[in-house]
Amino acid sequence: MFINGFNLGRYWNTAGPQKRLYLPGPLLKEAGNVITVLELEETKTNEIRLVEEPKWCP
């Protein structure tokens with residue numbers, strides 16, 4: 001996954017343990033942000049959710 005040309009990392013929705021990718025605030029523009037998803041494996045979803053809070057794991 002890329003945001004404005006910066007590689008955020010890999011994410012597989014069928015494998016773990018990673019559940020979310022962290023997006024540092026300075027990578028965002030005030031307008032015109034571009035999210036690019038490179039999908040090489042079959043996925044069961046076509047949705048991206050942006051959330052404000054991290055998911056903390058105990």
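This is a predicted model: local features need pLDDT of at least 70, side-chain atom pairs count only at pLDDT 80 or more; totals for chains, interfaces and linings use all residues.
**Before you look.** Here, buried means under 20% relative accessible area, exposed means over 50%, and partly exposed is anything in between (1.4 Å probe, protein chains only). Residues are numbered from 1 along each chain as its sequence is written, and side-chain values use heavy atoms, with hydrogens and water left out.

View 1. Starting at the N terminus, the elements of the protein chain go β-β-β, with zero helices and three strands in the tally (helices are DSSP runs of H or I, at least four residues, and strands are runs of E, at least two, numbered from the N terminus). Take the contacts between residues at least 6 apart in sequence: 51% of them join residues at least 24 apart (contact means heavy atoms within 4.5 Å).

**View 2. The three-stranded sheet.** The sheet is open, its strands sit in the order E2-E1-E3, and the pairing is antiparallel (two strands pair if DSSP finds at least two bridges between them). At the edges are strand E2 (6-7) and strand E3 (35-36), each pairing on one side only. Strand E1 (residues 2-3) runs antiparallel to E3, and two bridges join them. Zoom in on Ile3 and you find its bridge partner in E3, Ile35.

**View 3. Asn4, in the loop between E1 and E2.** Asn4 belongs to the loop that links E1 and E2. Its phi is near 50°, a positive value in a residue other than glycine. Asn4 counts as partly exposed because its relative accessibility is 25%.

View 4. Glu39 is found in the segment after E3, and it counts as partly exposed because its relative accessibility is 43%. Trp12 is 27 residues from Glu39 in sequence, with 9.4 Å between their C-alpha atoms. Lys55 also has its place in the segment after E3; at 51% relative accessibility, Lys55 counts as exposed. Look for Arg20 here too: it is 35 residues from Lys55 along the chain, and their C-alpha atoms are separated by 7.8 Å.

**View 5. The largest pocket.** The volume of the largest pocket is about 1,500 Å³ (the space filled by probe spheres set on grid points joined across faces, edges and corners). A pocket is an open set of points on a 1 Å grid over the protein atoms alone, where a 1.4 Å probe fits, with protein on both sides within 12 Å along at least five of seven lines; lining residues have an atom within 4 Å of a point. There are 37 lining residues, and Met1, Tyr11, Arg20, Leu21 and Ile48 lie nearest the centre. Sorted by class, the lining has 18 nonpolar, eight polar and 11 charged residues (Ala, Val, Leu, Ile, Met, Phe, Trp, Tyr, Cys and Pro count as nonpolar, Asp, Glu, Lys and Arg as charged, and the others, Gly among them, as polar).
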